[in-house]
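User: I have a model open and want to go through a few spots in it. Can we take them one at a time?

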Amino acid sequence: MFDYHIHSEFSDDSSEKMSNIVEEAIRKGGKKLCFTEHKEFNYPDKNIKFNLDYQGYEKEFERIKSIYGEQIELYMGVEIGIQAGEKNIQELIKYTNEHKFDFILASAHCLEGVGLYGMDPKVNNLDDLFSKYFREMLNVFKEFNDYDVVGHIDLIRRYFLEAQTHELGESKEVLRELFVHIIQEGKGIEINTGGLFYDSANINPTLDIIKFYREMGGTIVTIGSDSHIAERILSNYEKAMDYLRCTGFEYVTTFEKRKKTLHKIKK
Ligand SMILES: [Zn+2]
Ligand SMILES: [Zn+2]
């Protein structure tokens, strides 16, 4: 079992100790864990900035690895917040250039400069919201390609009640463009089981989108719990694997020093 989306106390929205997470993962039989602490640029909330203390993170990661490294493989990644706009993109490029990670998960937590979390949940045109969200990611990825995998690509479903069962209309064409781009660039998407703990009670993305990605020729997928507390580490892993099996994926991917390894999925 691999978990490639984990937050510890180095993320502004978690207070969990790395050691608790690693011990819980060992108990559950985990093989590879990758921490993906939040790093945002210009996050539009004055109470939470999602800055990352890289040096502190690296130091604690190395300490934890020296204690548990024989029992479980540990990796140091980041969940980097992406937003359109020249200034944001220049900061993204600079930051990823200057910092070393095993894995970079690129996630859009904002839309047109507003945080999705806490946005007015009533929207007039839901499909339009999906279109805008996919379009903003595509615009960023046309200029920034120093990442490995796109995080929770249908995050809209997590925060907008009606979006949970929304069947993509015209926005599916924008998603198609986004997938073409991601696949051409050799990047992947993640299967994020964290959404099962929200009201949405969905894996992100939903099965139809995972299937669409596969049909488009997508092969690179990581699995992540998006856990902010130790007990959720590796949660619903088998469910994610079932999603991959039934949509025709043969491999699940992990990363080390930004290089991918494919692991055959047992039938
Ligand atoms: Zn996220
Ligand atoms: Zn996350």
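Predicted model: local features only at pLDDT ≥ 70, side-chain atom pairs only at ≥ 80, totals over all residues.

User: Is the crossing of α6 and α7 left-handed or right-handed?
Analyst: Right-handed.

User: And which side chains or backbones meet there? I mean, which residues in α6 meet which in α7?
Analyst: From α6, the residues are K172, L175, R176, F179 and I183. They meet I209, F212 and Y213 of α7.

User: Switching to the metals. What are the protein donors of the zinc ion (ligand 2)?
Analyst: H5 and H7, each through NE2, plus E79 through OE and D226 through OD. These donors lie 2.0 to 2.3 Å from the zinc ion (ligand 2).

User: What geometry does that site have?
Analyst: The site of the zinc ion (ligand 2) is irregular, with angles of 82 to 172° among its 4 donor atoms. It does not count as tetrahedral, because that would need all angles between 85 and 135 degrees.

User: What spacing do the donors follow along the chain?
Analyst: For the zinc ion (ligand 2) the pattern is H-x1-H-x71-E-x146-D. H5 sits in strand β1 (residues 2-6) and E79 in strand β3 (residues 73-81), so this pair ties together parts that are 74 residues apart in sequence.

User: Are H5 and E79 buried or exposed?
Analyst: H5 is buried, at 0% relative accessible area. E79 is buried too, likewise at 0%.

User: What coordinates the zinc ion (ligand 1)?
Analyst: E79 through OE, and H109 and H152 through NE2, at 2.1 to 2.2 Å. E79 coordinates both zinc ions, which are 3.4 Å apart.

User: Where in the chain are H109 and H152?
Analyst: H109 is in the loop between β4 (103-107) and β5 (110-111), and H152 is in the loop between β7 (149-150) and α5 (156-159). The two are 43 residues apart, so the pair links distant parts of the chain.

User: Buried or exposed, those two?
Analyst: H109 is buried, with a relative accessible area of 11%. H152 is buried at 1%.

How values were computed. Residues numbered from 1 in each chain as written. Chains lettered and ligands numbered in written order. Heavy atoms only, no water. Donors = N, O, S within 2.8 Å, 3.2 Å for Na, K, Ca; no water. Tetrahedral: all angles 85-135°; square planar, octahedral: opposite > 155°, others 65-115°. Helix = DSSP H or I, 4+ residues; strand = E, 2+ residues; numbered from the N terminus. Buried < 20%, exposed > 50% of the residue type's maximum accessible area, 1.4 Å probe, protein only. Left-handed = near helix turned anticlockwise from the far one by under 90°. Contact = heavy atoms within 4.5 Å.
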